[in-house]
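Morning, everyone. I have one model to show you today. Please look at the screen, and then we will walk through it.

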Amino acid sequence: MQTETIAIHAGNLTHSTTGDVTPPISLSTTFFRDENGGYPGGHMYSRVSNPNRSALEKVMADLEKGTDACAFSSGNTAGMTVFQALPPGSHIIAPDDMYWGFKKQLQSIFEGILTIDFIDLTQPDLIEEHIKSNTAMIWVETPSNPLLKITDLTVVSAIAKKHKLTLACDSTFASPCFQNPILLGADIVMHSSTKYIGGHSDVLGGILVTAVQDELWSRIRNIQQIGGAVPSPFDCFLLLRSIKTLPYRMKGHAENAMALAKYLSVHPKIEAVYYPGLPSHAQHEIATKQMSGFAGMLSILVKGDARKVVNQVRLFAQATSLGGVESLIEHRASVEGPDTKTPQNLIRISVGLEHIDDIIADIEQALG
Ligand SMILES: *Cc1c(COP(=O)(O)O)cnc(C)c1O
């Protein structure tokens, strides 16, 4: 079945006797045992598994063309679980512009436990130079934040396979509708479901999807169930509801972002536009090869004071995060702090689903 159909049907695991077309929210933390001590409903205790979470995991595994998924209470926890599952002393290769929350985790929580080389993954030649005897994993994030850099997943997965390394991909900016890293050779796909998957800026969550259920995956599942950083049944219900419209929301985000990118790329007050859908983007060809759409995130460099521009928007919300129905705008450098390498004149935009004319009009008046 195609993405739109999977999104609507794969999570509808019927478990009620009342004939609900849409699965109800199962708030019970504990489940009946039968006389032999078994669990006829397939669930024992809600930290270990829950009907709503199982449904969310099923639809995400199907959408990402994987064999299993684990849902978490945030994207940060999903990523941290992968790092926790690696043998202590392992070395990781990660992007130099890795999502800053993960960079922070690796540099603080995993200090003394894992070693990391942060490199520019758009230069795959650099990867082999950094592989060591204890390298366990290559972590990729594509498109990346905030410069929307694209990493060639086919090239990196060939390197990972040659050296028997796990390839994990943070695919949050692409969504499962526009990029399926497992089909390109990745072992694990990660999403912050707080973003496009939730899509309404009202639920926090994270997902991991695996290509195969190997030993690393068993450790990940164990950390999820024993560690317990799981989403609530209501969070899972909201995400399942959101996923049904995800393919159509993604089409809208991509269409609006492309129109805005084109408009800004010829604007006299703009120095540069970073959007993988523009032929001027440095890795546009790779993006075209591995993505079926370019999603709704773009960054711009403005001529002049970026803080002034973000302070002048009326329709856009000046706020962090991304992937919601409402357009968001953000001055990244001031969020990332004094050590950031992000240019001071960079503005990151999460293009929402408002009418494109209203989006452009607001940016136009803010730039003016
Ligand atoms: C937001 C985000 C995360 C972290 O997810 P949370 O749900 O905020 O914990 C990880 N990676 C990327 C690319 C993100 O945008």
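Let me begin with a question: where is the place of Pro146? Pro146 sits in the loop between S4 and H6. One caution before I go on: this is a predicted model.

Stay with that loop for a moment. The peptide bond from Asn145 to Pro146 is cis. Its omega is near 0 degrees. Now step back to Pro143. Pro143 is also found between strand S4 (135-141) and helix H6 (153-162), in the loop. For context, most peptide bonds are trans.

Next backbone point: Ser201. Its phi is near 50 degrees. That is a positive value, and the residue is not glycine. In general, most residues other than glycine have a negative phi. Where is Ser201 placed? Look in the loop that lies between S6 and strand S7 (206-210).

Now the ligand. How many residues surround the ligand? The count is 15. The closest are Asn76, Asp170, Ser192, Thr194 and Lys195. By type, the shell holds five nonpolar residues, seven polar and three charged.

Here are some polar distances. Asp170 places a polar side-chain atom 2.7 Å from a nitrogen atom of the ligand. In Ser192, a side-chain N or O atom is 2.8 Å from a ligand oxygen. Gly75 works through its backbone: an N or O atom there lies 2.9 Å from an oxygen atom of the ligand.

How much of the ligand does the protein cover? On its own, the ligand has 380 Å² of accessible area, and the protein covers 92% of that. The space the ligand takes is the second largest pocket. Which elements give two or more residues to the shell? They are helix H3 (75-85) and strand S6 (188-192).

Let me zoom in on S10. Two bridges join S10 to strand S11 (residues 328-331). Do these two run parallel or antiparallel? They run parallel. Within that pairing, Ala317 stands opposite Leu328 in S11. As a reminder, strands of a sheet pair through backbone hydrogen bonds.

That is the tour. Over to you.

Conventions
Residues numbered from 1 in each chain as written. Predicted model: local features only at pLDDT ≥ 70, side-chain atom pairs only at ≥ 80, totals over all residues. Heavy atoms only, no water. Near = heavy atom within 4 Å. Polar contact = N/O pair within 3.5 Å; in protein donor to acceptor, adjacent residues only side chain to side chain. Areas by Shrake-Rupley, 256 points an atom, 1.4 Å probe, with all protein chains shown as cover. 1 Å grid on protein atoms, 1.4 Å probe; cavity = no way out; pocket = protein on both sides within 12 Å on 5 of 7 lines; lining within 4 Å. Sits in = over half its atoms within 2 Å of the grid points. Helix = DSSP H or I, 4+ residues; strand = E, 2+ residues; numbered from the N terminus. Nonpolar A, V, L, I, M, F, W, Y, C, P; charged D, E, K, R; others polar. Pairing = 2+ DSSP bridges.
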